[in-house]
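Student: Please put up the model, and then we can go through its salt bridges and one of its pockets.

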Amino acid sequence: LDIGAGVCCIYASLGVRLHPNWAFVTTEIAPDTVALARRNLQRNSLEHAITLVHNEDAEKVIAGAVPDSLFPFDFCMCNPPFFSGDEGDVPMRRPHPAPAPVAESEKQCEGGELAFVQRMIQDSLVLRTKIRVYTSMIGCKANLRPLCATLKAKAVRHVTVSFVQGRTHRWGIAWTFDDSVALDKAQSQPADDAHAAEKA
């Protein structure tokens with residue numbers, strides 16, 4: 001399950017190209033983006049492997065946004081909107097020329113990425129093992145602490161990792177309710193001790 005397809009459905013498309021036996025469901029809320037994404041799937045002959053769901057309620061992330069008939073999933077992934085839209089927002093990544101248009105819903109949402117991923121966590125508390133592993137990219141390291149605190153308070157196993165490529169630094173968070181998933185085997189990319197994986 002890919003939350004937030006974008007125009008190119010890039011993560012689902014790459015997943016299917018690399019693993020032809022995989023199938024994805026991907027969600028998107030912006031109508032114009034949904035239309036462009038469907039066109040791109042058709043052009044690349046990927047409709048057989050990728051199901052695009054138009055989420056018409058921006059308040060919903062997973063529960064209520066994805067039809068029950070499409071569950072269960074092995075994992076979900078998300079590159080959440082970084083910004084909250086408040087004037088006090090500090091950019092967490094430098095803008096780059098985009099090869100395709102980027103909808104506002106891909107860049108910002110109420111509460112920014114912290115609120116978005118907190119909603120993912122709340123949905124996961126309801127869905128539990130209907131998704132084996134929940135994951136999200138994090139653009140601001142400071143957001144890891146409150147997210148981990150939420151998961152720890154609910155006694156949910158989780159791990160965080162860091163990703164470093166050149167001068168770009170991002171983080172990932174994953175959690176599960178499935179006892180068969182060995183989250184403790186996740187390892188961060190080489191980084192200093194402050195950015196090493198946090199496990200709980």
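This is a predicted model: local features need pLDDT of at least 70, side-chain atom pairs count only at pLDDT 80 or more; totals for chains, interfaces and linings use all residues.

Tutor: Residues are numbered from 1 along each chain as its sequence is written, and side-chain values use heavy atoms, with hydrogens and water left out.

Student: How many salt bridges does a search of the whole structure find?

Tutor: A salt bridge is a side-chain nitrogen of Lys or Arg within 4 Å of a carboxyl oxygen of Asp or Glu. Aspartate 57 pairs with lysine 60, the closest N and O atoms being 4.0 Å apart. Arginine 132 pairs with aspartate 178 at 3.0 Å. The search of the whole structure finds 2.

Student: Is aspartate 178 buried or exposed?

Tutor: Buried means under 20% relative accessible area, exposed over 50%, and partly exposed in between (1.4 Å probe, protein chains only). Arginine 132, its salt-bridge partner, is partly exposed at 32%. Aspartate 178 has 17% relative accessibility, so this residue counts as buried.

Student: Which residues form the charged, polar and nonpolar classes, and how does the lining of the second largest pocket divide?

Tutor: Ala, Val, Leu, Ile, Met, Phe, Trp, Tyr, Cys and Pro count as nonpolar, Asp, Glu, Lys and Arg as charged, and the others, Gly among them, as polar. A pocket is an open set of points on a 1 Å grid over the protein atoms alone, where a 1.4 Å probe fits, with protein on both sides within 12 Å along at least five of seven lines; lining residues have an atom within 4 Å of a point. Among the lining residues here are Asp2, Tyr11 and Phe163. The lining divides into 6 nonpolar, 4 polar and 1 charged.
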